[in-house]
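Grab a pencil and work through these exercises with the structure open beside you. Try each task before you read its solution.

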Amino acid sequence: MAESARGTDWRSWQESWDRQQEWYMPDREERFRVMLDMVEAVVGPAPRVLDLACGTGSITDRLLKRFPEATSTGVDLDPALLAIARGTFEGDDRVTFVTADLKDPTWAERLPHSSYDAVLTATALHWLHSEPLAELYGRVGQLVRDGGVFMNADHMIDTETPRINAAERAHRHASMDRARAGGALDWADWWALAAKDPALAEPTAERYRIYGEHADGDMPSPRWHAAALRAAGFGEARTVWSSPSDTLMLALK
């Protein structure tokens, strides 16, 4: 670990990330609860999990608190978020982190296992457009064992309901504005703080060299995700939880 990172309160950064994400998604913890309910229902309480586009390890954190016998491989490209993840879970032999670009066709070759009971991801894949996302689903379909599960909790927009979408967005943004007035950090504020921290300054600069400014993909509908997952080799796929703005899609191999 770099000298600048020694003594860093990684758990505090982990919690700060959670609060920033909750500003956008106040029902985020409910999504995680249902996700882990379905992990237990399908593959039991001691799964081998791939935390896909893991960020700071938010899914892994909740997974291990609920299922102490689980193991997790986190994969991401963001050096700053991975620094927080590695710092948070340092010394926990149940957790492995891998640096890889999910748009690289060979990314799965870097993983320590060739198959997983569950592949889980949240609020991450919406930055991929439909074609590369379908390709990613094809690779995920090869990693999930028979009888295993894939879940994606993310923004999935139904373009057939524009008035509902507009009403939901206006209401959500009004709530976000009130929280912001009360001191909540948004995405840009959080990254500005990270850039000033001695342990995260260089990883943050590197992540901007990799990604540039944050940009979203086209965020297709839940119906599209279900069809793409069945085309990727999953036998069943459907929504198992939703809010007005987000969907938890489950696919069973």
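**Exercise 1: a pocket and its lining**

The second largest pocket of this predicted model has a volume of about 220 Å³. Task: work out which residues sit closest to the centre of the second largest pocket, and which element gives the largest share of its lining.

Solution. 
- Step 1. Start at the centre: 14 residues line the second largest pocket, and Pro26, Glu168, His171, Arg172 and Ser175 are the closest to its centre.
- Step 2. Now look for elements that give two or more residues to this lining; they are helix 1 and helix 6 (162-181).
- Step 3. Helix 6 supplies the largest share, with six residues.
- Step 4. Sort the lining by class, and you get six nonpolar, four polar and four charged residues.

**Exercise 2: helix 1 against helix 7**

Task: find how helix 1 is oriented relative to helix 7, and list the residues that make the contact.

Solution. 
- Step 1. Take helix 1 (residues 10-24) and helix 7 (residues 187-196): their axes come within 10 Å and cross at roughly 165 degrees.
- Step 2. Angles over 145 degrees count as roughly antiparallel, so helix 1 is roughly antiparallel to helix 7.
- Step 3. For the handedness, helix 1 passes helix 7 in a left-handed crossing.
- Step 4. On the helix 1 side, the contact is made by Trp13, Ser16, Trp17, Gln20, Gln21 and Tyr24. Helix 7 brings Trp187, Trp190, Trp191, Leu193 and Ala194.
- Step 5. By class, the residues of this contact are eight nonpolar, three polar and no charged.

**Exercise 3: helix 7 against helix 8**

Task: decide what the packing angle makes of helix 7 relative to helix 8, then sort the contact residues by class.

Solution. 
- Step 1. Helix 7 packs on helix 8 (residues 201-211) at an angle of about 130 degrees, and the axes are 7 Å apart.
- Step 2. That angle makes helix 7 oblique to helix 8.
- Step 3. Helix 7 uses Trp187, Trp191, Ala194 and Ala195 here, while Ala201, Thr204, Arg207 and Tyr208 come from helix 8.
- Step 4. Sorted by class, the contact has six nonpolar, one polar and one charged residues.

Note on methods
Residues numbered from 1 in each chain as written. Predicted model: local features only at pLDDT ≥ 70, side-chain atom pairs only at ≥ 80, totals over all residues. Heavy atoms only, no water. Axes fitted to C-alpha atoms, helices over the stretch in contact; angles between N-to-C directions. Helix = DSSP H or I, 4+ residues; strand = E, 2+ residues; numbered from the N terminus. Parallel < 35°, antiparallel > 145°, perpendicular 65-115°, else oblique. Left-handed = near helix turned anticlockwise from the far one by under 90°. Contact = heavy atoms within 4.5 Å. Nonpolar A, V, L, I, M, F, W, Y, C, P; charged D, E, K, R; others polar. 1 Å grid on protein atoms, 1.4 Å probe; cavity = no way out; pocket = protein on both sides within 12 Å on 5 of 7 lines; lining within 4 Å. Points joined across faces, edges and corners; volume = space filled by probe spheres on them.
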